Amino acid sequence: MTSQCASGSGQFLENIARYLGIAQDEIGTLSQQGETPEKVSGICAVLAETDVINMVSRGISAANILKGIHISMADRLAKLLKSAGTKDGVVMMTGGLALDSGLVAAMREISAKEKITVEIKSNPDSIYAGAIGAALWGAFRHEKLSQLERQAA
Amino acid sequence: MIYTAGIDVGTGAVKTVLYSVDGAAVKQLTKRCDRVRQRDPLKLAAEAYDQSLELAGLKRDDIAYCATTGEGESLGFQTGHFYSISTSARSMAVRYASTSAARCSATR
């Protein structure tokens, strides 16, 4: 995950769930049961996948692996929030992973730990955020282009 | 009133929405999310777009602006492409006016 792109974090979590033999719907609840999470690389999915394979061979539970992944992602996101100068207000999570209750819980936990006093929110339509925003920007751009055409005529 | 479309081509899924926009009155007509599952995402996006239009009783020519985001820039029928951070932030900012929108998308 970089400051610009989630870099397939959702796909990565899906792959890990398949590797651990658990359903996608279970990821969030299972993660919240993790008590001693093992952190993974928050930047490189290849390194993180290697980390997970090592954890499985060491007998780490699926709950702690998933919680570790969520905490690592939340750590990275909290750093991004800090670098953006976010100190308070509401932060909306978007994308498919915003529907992952484990990541939302980890995000709240890390924000509190890092003293970032924001309210973390998610929305049932989070996965559509990109498409919805594109349609709305499209309407905006269409209106602007129409205005320019009218002025030029 | 105009109709617009938004297509987000992600790594794992293609998300397609249709809207009617009449000034400040914005209404969602359709939304669908199709898992890629080893299919060609661009072909999948075109199918999802056409099926959404059919559901809404519209044709491609009725759409004033077909906007893409994510990996959708290569779609031949798109009117314009928008950067993912801008689109995600826009949608949440509109839904939750006066909130700061940050992006934590993992669909790409």
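My entries on the interface and the cysteines follow.

I note first that this is a predicted model, where local features need pLDDT of at least 70, side-chain atom pairs count only at pLDDT 80 or more, and totals for chains, interfaces and linings use all residues. Residues are numbered from 1 along each chain as written, chains are lettered from A in the order written, and side-chain values use heavy atoms without hydrogens or water.

**Interface**

I looked up the contact (heavy atoms within 4.5 Å). I found 47 residues from chain B and 41 residues from chain A in it. Chain B and chain A bury about 3700 Å² between them, 64% of it on carbon and sulfur atoms. That is accessible area (1.4 Å probe) lost on being put together, summed over both.

I then checked salt bridges (a side-chain nitrogen of Lys or Arg within 4 Å of a carboxyl oxygen of Asp or Glu). The rule finds two across the interface of chain B and chain A. One of them joins Glu14(A) and Arg35(B), at 2.3 Å from N to O.

**Cysteines**

I searched for disulfides (two cysteine sulfur atoms within 2.5 Å). Cys66(B) is in no disulfide, and its nearest cysteine sulfur, that of Cys33(B), is 17 Å away.

I also looked up exposure (buried is under 20% relative accessible area, exposed over 50%, partly exposed in between; 1.4 Å probe, protein chains only). Cys66(B) is buried, at 2%. Cys33(B) is partly exposed, at 29%.

Terms used. Buried area is the accessible area (1.4 Å probe) that two parts lose on being put together, summed over both.
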